[in-house]
Amino acid sequence: MDGVVLTVVGDGPDRNLYREKDNVKLLGEIQNFDKFYKYDAFVLISDSEGLPMSALEAASAGLPILLSNVGGCPELIKNNGILVKNTVDDIVNAINNIKLEYGYYQTASQDIKDTFSLFHSKKLYSNLYVDIGK
């Protein structure tokens with residue numbers, strides 16, 4: 001894909017089967033990763049997920065997200081990204097769609113990022129407890 005650089009953060013048993021290329025960077029596992037602001041989008045392709053913390057963190061950072069349509073992933077997608085089947089065609093088409101409509105996805109991601117923030121959730125729970133105590 002022209003103009004797309006894939007940065008892979010993470011590790012796995014097959015990591016040694018893959019090599020870096022000009023547009024593919026393999027960073028390996030990074031403890032406490034917090035550099036979402038350096039990237040344009042977040043992609044998590046998985047056969048099984050609950051509600052992935054890394055996707056929550058990316059959404060709270062305001063990144064457009066592309067996730068496999070598994071587990072709790074649909075709960076994170078509003079207009080801020082795309083859910084896909086785990087096929088090469090679906091993934092490539094979704095990346096191209098985000099690239100072509102980046103302004104739309106970026107704006108939508110920024111508009112709802114606070115929905116996924118820890119501070120927002122804390123405030124909601126605090127208000128709930130205050131209301132219960134009345």
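This is a predicted model: local features need pLDDT of at least 70, side-chain atom pairs count only at pLDDT 80 or more; totals for chains, interfaces and linings use all residues.

Analyst: Residues are numbered from 1 along each chain as its sequence is written, and side-chain values use heavy atoms, with hydrogens and water left out.

User: Does Asn80 count as buried or exposed, and at what relative accessibility?

Analyst: Asn80 lies in the loop between β4 (65-68) and β5 (81-84); strands are DSSP runs of E with at least two residues, numbered from the N terminus. Buried means under 20% relative accessible area, exposed over 50%, and partly exposed in between, with a 1.4 Å probe and protein chains only. Asn80 therefore counts as buried, at 2%.

User: Which backbone nitrogen does the side chain of Asn80 reach?

Analyst: Contact means heavy atoms within 4.5 Å. Not counting residues up to four places away in sequence, Asn80 touches several residues, including Leu63, Tyr105 and Phe116. At 2.6 Å, its side chain reaches the backbone nitrogen of Lys78.

User: Why is the pair of Phe33 and Phe36 edge-to-face?

Analyst: Rings of Phe, Tyr and Trp (its six-membered ring) pair if their centres lie within 6.5 Å; planes under 30 degrees apart count as stacked, over 60 as edge-to-face and the rest as tilted. By this rule the count comes to 4 aromatic pairs. The centres of the Phe33 and Phe36 rings are 5.0 Å apart, and the pair is edge-to-face because the planes stand at 90°.

User: What is the angle between the planes of Tyr104 and Tyr105?

Analyst: Tyr104 is partly exposed at 45% relative accessibility, whereas Tyr105 is buried at 9%. The two form an edge-to-face aromatic pair, 5.1 Å centre to centre, with an angle between the planes of 80°.

User: Which residues form one aromatic cluster?

Analyst: Phe33 is buried, with a relative accessible area of 18%, and Phe36 is buried, with 9%. Both belong to one aromatic cluster, formed by Phe33, Phe36, Tyr39 and Phe42.

User: How many salt bridges does a search of the whole structure find?

Analyst: A salt bridge is a side-chain nitrogen of Lys or Arg within 4 Å of a carboxyl oxygen of Asp or Glu. Partly exposed Arg15 (32%) meets Asp11 at 4.0 Å, N to O, and Asp11 is exposed at 55%. Lys35, partly exposed at 32%, meets Asp34 at 3.2 Å, N to O. The number of salt bridges found is 2.

Notes: Helices (H or I, at least four residues) and strands (E, at least two) are DSSP runs, numbered from the N terminus. A polar contact is a pair of N or O atoms within 3.5 Å; within protein, one must be able to donate a hydrogen and the other to accept it, and residues adjacent in sequence count only if both atoms are side-chain atoms.
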